[in-house]
Amino acid sequence: MYLIGLTGGIASGKSVVSARLAERGAVVVDADVLAREVVEPGTPGLAAIADRFGPGVIAADGTLDRAALGAIVFSDPQARLALNAITHPAVWHRARELFDEAARNDPGAIVVYDVPLLAEAAADRPITFDLVVVVDASAPTRLKRLVELRGLSEEEARNRLNSQATDAQRLAIADVVIDSNGSLDETLAQADALYARILAS
């Protein structure tokens, strides 16, 4: 198994690269999907969040009220750290189970761990990657995408950007950088070249 850690700031184009690698044959494990799984009703993760942040973050149907929780953690760094301390270990555990499953199914599998907070969680990461790929776009480009494509206000968009690692912190852990400031086709071409390089190695 060849394990790639794929990361990038919000609205960087990381999901585009992840989807392209999946099209080419990689097995993608999406940390965002796992993060939702580990806080489903009845999980220890959701119970711990309710204990820490109060009943206001639980919706009437018993699910996590993401908007209410987001309003807290994206404006309070300490709250965000508390949330990460609850969710990150559970997500890592489930990710490792899926990596092991992929390796059992195909010992030569190329597995991509699509994870937004790779730089933020680097210190307590229990996984060593064969390659770390950072999808990079400038802060103004990402701000524009958040406002125009995701409908956030400029203030909401800035809060999201400021809640994540800096570009320098992400680039510091990169083995490969995919520049997504340009066109979609240019970003996809870089993803294709990366996959071809890995196959040839």
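## Helix α3

A residue is called buried when its relative accessible area is under 20%, and exposed when that area is over 50%. By this criterion, Gly45, Leu46, Ile49 and Phe53 of helix α3 are buried in this predicted model. Viewed down the axis of α3, these buried residues fall within an arc of 95°, so they line one face of the helix. Pro44 and Asp51, on the other side of α3, are exposed.

The cover over the buried residues of α3 includes α4 and α5. For Ile49, the contacts beyond its neighbours within four places in sequence are Val39, Gly54, Val57, Leu64, Leu69, Leu83, Ile86 and Thr87. At Phe53, the charged end of Arg52 sits over the ring, 4.7 Å from the ring centre.

## Nonpolar cores

In soluble globular proteins, nonpolar side chains tend to be buried together. The largest nonpolar core of this model has 30 residues. Ile49, Phe53, Leu69, Phe99, Tyr113 and Phe129 have the most contacts inside this core. Two or more residues each are given to this core by α2 (31-37), α3 (44-53), α4 (66-73), α5, β3 and β4. Helix α5 supplies the largest share, eight residues.

## Aromatic pairs

Three aromatic pairs are found in a search of the whole structure. Trp92 and Tyr113 form a tilted pair, with 5.4 Å from centre to centre and 50° between the planes. This pair links distant parts of the chain, since Trp92 is in helix α5 (residues 77-105) and Tyr113 is in strand β3 (residues 110-114), 21 residues apart. Trp92 is buried at a relative accessible area of 6%, and Tyr113 is buried at 1%.

Tyr113 also pairs with Phe99: the ring centres are 5.2 Å apart and the planes are at 80°, so this pair is edge-to-face. Phe99 lies in helix α5 and Tyr113 in strand β3, so the pair ties together parts that are 14 residues apart in sequence. Both Phe99 and Tyr113 are buried. Ring pairs join Trp92, Phe99, Tyr113 and Phe129 into a cluster.

A charged residue also lies over the face of Phe74: Arg160, at 4.2 Å from the ring centre.

## Helix α1

Helix α1 (residues 14-24) has Lys14, Val17, Ser18, Arg20 and Leu21 buried. Down the axis of α1, the buried residues fall within an arc of 165°, so they line one face of the helix. Ser15 and Glu23 are exposed on the other side of α1.

The elements covering the buried residues of α1 include β1 (2-8), β2 (27-30), β3, β4 (131-136), β5 (176-179) and α9 (184-200). Gly25 follows α1 and has a positive phi, near 125°.

Gly8 lies in strand β1 and, at 1% relative accessibility, counts as buried. Leaving out residues up to four places away in sequence, Gly8 touches Lys14, Pro116, Val135 and Arg170. Gly8 and Leu171 are 163 residues apart in sequence, with a C-alpha to C-alpha distance of 9.1 Å.

Ala11 is found in the loop between β1 and α1. Most residues other than glycine have a negative phi. The phi of Ala11 is positive, near 65°. Ala11 counts as buried, at 8% relative accessibility.

## Confidence of the model

The average pLDDT of the chain is 92, and 97% of the residues score at least 70. Among the elements of the chain, the lowest mean pLDDT, 85, belongs to helix α7 (residues 154-162), and the highest, 97, belongs to β2. Where pLDDT is low, the predicted coordinates should not be read in detail.

How values were computed. Residues are numbered from 1 along each chain as its sequence is written. Side-chain values use heavy atoms; hydrogens and water are left out. Rings of Phe, Tyr and Trp (its six-membered ring) pair if their centres lie within 6.5 Å; planes under 30 degrees apart count as stacked, over 60 as edge-to-face and the rest as tilted. Helices (H or I, at least four residues) and strands (E, at least two) are DSSP runs, numbered from the N terminus. Buried means under 20% relative accessible area, exposed over 50%, partly exposed in between (1.4 Å probe, protein chains only). A charge sits over a ring if NZ of Lys or CZ of Arg is within 6 Å of the ring centre and within 35 degrees of the ring normal. The arc is that of the directions from the helix axis to the C-beta atoms. Contact means heavy atoms within 4.5 Å. A nonpolar core is a set of buried Ala, Val, Leu, Ile, Met, Phe, Trp, Tyr and Cys residues joined through side-chain atoms within 4.5 Å. pLDDT is the predictor's confidence in each residue, from 0 to 100.
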